[in-house]
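The following exercises concern a single protein chain. Please work through each task before reading its solution.

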Amino acid sequence: MSDVGATGAAEALAPPVSTPRSGASAWWRRLQAMPPSVRGAALILVVAVVVAAGARWMAPFSYQETDLLHRLQVPLDVEAVAAGHWLGTDKLGRDVLSRLLVATQVSVALALLGTVIGAVLGTALGILAAHRGGWVDELVMMMVDWQAAMPFLIIALAMLAFLGNSLALFVLLMGIFGWETYARLARGLLLSAREHGYAVAVRSLGASPQRLYLRHLLPNVMSPLVVQLSLNFPQTILLETSLSFLGLGIQPPLTSLGQMLGEGRDFLLTAWWLAVLPGSVIFATTLSMSILGDWLRARLDPTQRPG
């Protein structure tokens, strides 16, 4: 009995064992539960976001600075490394690493801005069609069908040919790309959600349509829209790189991944890194976002859950 009492007293006097914070441990458990491919994709996207935020400060040289005495230096070559050009130089002696950082910043920023504009525009039109119905709904859905039937690259080429090439017009093109998907998705989800019991109760209490849709219905259908945004982001990057590759997107002296890829196509046999490096960044970024988007769809979309 004395041993038991001593043990109890020792346990009572012993300092409490510190446990990790529940928030940090829960976050770590979620991270470990992710598939390795999703963790790798998330890491690549984090790096892309960091580069997009601080490319101008990370670049060892100005992306416009030329040095014809050191043109077409091979990446990791002794002379290139000694001159500070770790990824070599291009046909004008510009540092490829600096241009790659700035190009990633421009492409990611344009794709993100265009995706957000398209999501807001499409969701707003979807809300309008679901609320008004009648001829407004028919008009919006007619626009959706027309946009979906017409290849967007043809629309972009026609607008750039007739209206000229400018940064504002290019951002507008990025914004209207894919809006029809959000409009159709938001309309269908809201038409279904407004018949649920909570929506009927909110309407019976006299809530305004603005409060009903923005405060109650939209938050409950946001998950599929977020998934669609994550899936549309890599398509917007590919659209920007395609137009810039054709010379219809970002114009010098500004640079982008598509423009670097277009400039490097003439040097595939003599200076492979000019096309391979920006192409690798495009491939890694779009693939990572697609993997993360598929994972989010499986996690957030009820129709994709097993059972």
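**Exercise 1.** Does Trp 273 count as buried or exposed?

*Solution.* The model is predicted: local features need pLDDT of at least 70, side-chain atom pairs count only at pLDDT 80 or more, and totals for chains, interfaces and linings use all residues. Residues are numbered from 1 along each chain as its sequence is written, and side-chain values use heavy atoms, with hydrogens and water left out. Buried means under 20% relative accessible area, exposed over 50%, and partly exposed in between (1.4 Å probe, protein chains only). Trp 273 has 3% relative accessibility and therefore counts as buried. Trp 272, at 42%, counts as partly exposed.

**Exercise 2.** Determine how many aromatic pairs the whole structure holds, and classify the pair of Trp 272 and Trp 273.

*Solution.* Rings of Phe, Tyr and Trp (its six-membered ring) pair if their centres lie within 6.5 Å; planes under 30 degrees apart are stacked, over 60 edge-to-face, and the rest tilted. The search finds two pairs. Trp 272 and Trp 273 lie 5.8 Å apart, centre to centre, with 90° between the planes, and are edge-to-face.

**Exercise 3.** Compare the span of helix α3 with that of a straight helix, and locate its kink.

*Solution.* Helices (H or I, at least four residues) and strands (E, at least two) are DSSP runs, numbered from the N terminus. The expected span is 1.5 Å times one less than the number of residues. For the 23 residues of α3 (36-58) a straight helix would reach 33 Å, but the end C-alpha atoms are only 28 Å apart. A kink of about 55° is centred on Ala 52, the bend being the angle between axes fitted to the seven residues ending there and the seven starting there. Ala 52 is also one of the buried residues of α3.
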